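I set out to record how secondary-structure elements are arranged in this model. My entries follow.

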Amino acid sequence: MSIPQTQDAIIDEFSLLDGDMEMTVFYIMELGQKLPDIKESDRTEDNIVKGCQSKVWMMARLENDKIYFEADSNTAITKGLVSLLIRIFNGQSPDVILNADLYFMKKIGMERFIGTQRSNGFAAMIKQMKFYALAFKTQKEIAS
Amino acid sequence: MNTPAAIELNLEKIRKQFPVLHQQVNGNPLVYLDNAATNQKPKRVIDALTRYYEHDNANIHRGIHTLAERATKAYEETRHTMQRFINAKHVEEIIFTRGVTESINLGSSSYGRAFVKAGDEIIISGMEHHSNIVPWQLICEEKGAIIKVIPLSEVGELDLDAYQKLLSGKTKVVAVNHASNSLGSINPIKEIIDLAHQVGAVVLIDGAQSSAHLPIDVQALDCDFYCISSHKMYGPTGTGILYGKKELLEKMPPYMGGGEMIKDVTFEKTTYNDLPYKFEAGTPNIADVVALNEAILFINELGKENIANHEAELLSYAAKKLSSIPSVRLIGTAREKVSVQLFVIDGIHHFDIGQMLDTRGIAVRTGHHCTQPLMERYGIEGTVRASFSVYNTKEEIDLLAEGVERIVKFLK
């Protein structure tokens, strides 16, 4: 699936919740519960995404020019939020991730149900993922 | 202080006076349980602010025109009301500040600069807000003095035996809160003050959490400094007071320089104004001070004892309701408490609980409540805090408990 296709699917799924705040937050937590926990040994200071109020640990690896992310959080809602980003970005190339335009947050009215602080944290997660993409891209360019 | 006899408060009538309470949040009626952070304002306080700006706004003290006269009178009236509210001996012992944080900084900085020396000791408690820790650390760093901390028990009560052992001839200042913003514990400040005075130390009381809930008589307490926040007692944000004993304040150097605090200025030498103006440099927060008067009158009319009785009932009801929910653990169960209850749910992060409750229109606080050393004492990162005010109801606590129960059921 392309990044816009995944985003559209997410928008469709959220529209079923009909703007019910409580159901939406429960749904996000449920998504978080489905995301596998990372190993305790990976919950390091180095893997922490800076700028989030909750703790978010994130790692990335490159396989066949595609990036795969793993992440975890100490709060259920944040874990659900990062799971959405993983769903969108996993298996995409560094270039595609770097150029991706994320519009689903606005469409599902994310700021309304997670508040400004968490929205800032969410932006920090996206920045971190794009940063990984840039690092992999640069690594490849230097190698070639 | 004239307090009306103990009466059952008319909650419906009280709630009507608070416009902000009558709204829907996320499709539900607002349940405001974040009162320890700031409580809501009755219409008369809001009206006083509007009235001041619509009719009386002028800079105070130096003007000779009618508006300046009216503004000055209104500003000074609050000082007199506050004097009576805390039973200060002299009206000039009431200094207006931006709030408790500034009051403590003024006290620590001015008193500390003049009287604290290298090797002196300052005693605080293990349940202080960062505002009553950091200002003392600053003065200790500057002077080479040392901070000592009174430990607390598991339920959240200060260990007075340990406190007595900390006191010595080296103790210069004891700074503790009247009531903890996190645990809600009411500290035995009279005893703390008397013991400190026996070794010649001065005592500063952080009254941020007590001013709306507990009777305060600074003369009976014999405290040297007492700090009060306006916005935690139905008044506007951005103002508070530092009460200080006159003889101490007179010996202390000014905290800030500027207009109002001077008598005469030449380039060579400035002589300072009398109390309280020596400590009120610059144009003060006139409008908010004026409106604070109405907040004090509001409390006086209801009667602090009546407010405290109602809040105590809410607190014990909340403690009972919350502790009956599986996995909920209450933190802070001292015998004497103001209406603040911390709780954690093992395995569920406090942010998630706060966010979920917000979807139901329930406002609580989550985090470390500016008491990180205290959280460390309990081995936790943060908690949920529900805090109650005079306008809260048992029905609202039922809604809180219902919300918490739902989260536990979902996430466990």
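I began with strand β4 of chain B and found four bridges joining β4(B) to strand β10 (residues 240-244) of chain B, the two running antiparallel. Strands here are DSSP runs of E with at least two residues, helices are runs of H or I with at least four, and both are numbered from the N terminus; two strands pair if DSSP finds at least two bridges between them. I noted B:T97 opposite B:G240 in β10(B).

The model is predicted, with pLDDT of at least 70 needed for local features and 80 or more for side-chain atom pairs, while totals for chains, interfaces and linings use all residues. Residues are numbered from 1 along each chain as its sequence is written, chains are lettered from A and ligands numbered from 1 in the order written, and side-chain values use heavy atoms, leaving out hydrogens and water.

I then traced the open sheet of seven strands in chain B, which has mixed pairing and the order β4-β10-β9-β8-β7-β5-β6. Its edge strands, β4 (94-97) and β6 (146-150), each pair on one side only.

Next I looked up helix α4 (residues 100-115) of chain B, which packs on the sheet and touches β4, β7 (171-177), β8 (202-206), β9 (225-229) and β10 of chain B. Contact means heavy atoms within 4.5 Å. The direction of α4(B) makes about 155° with that of β9(B); axes are lines fitted to C-alpha atoms, for helices over the stretch in contact, and angles run from 0 to 180 degrees between N-to-C directions.
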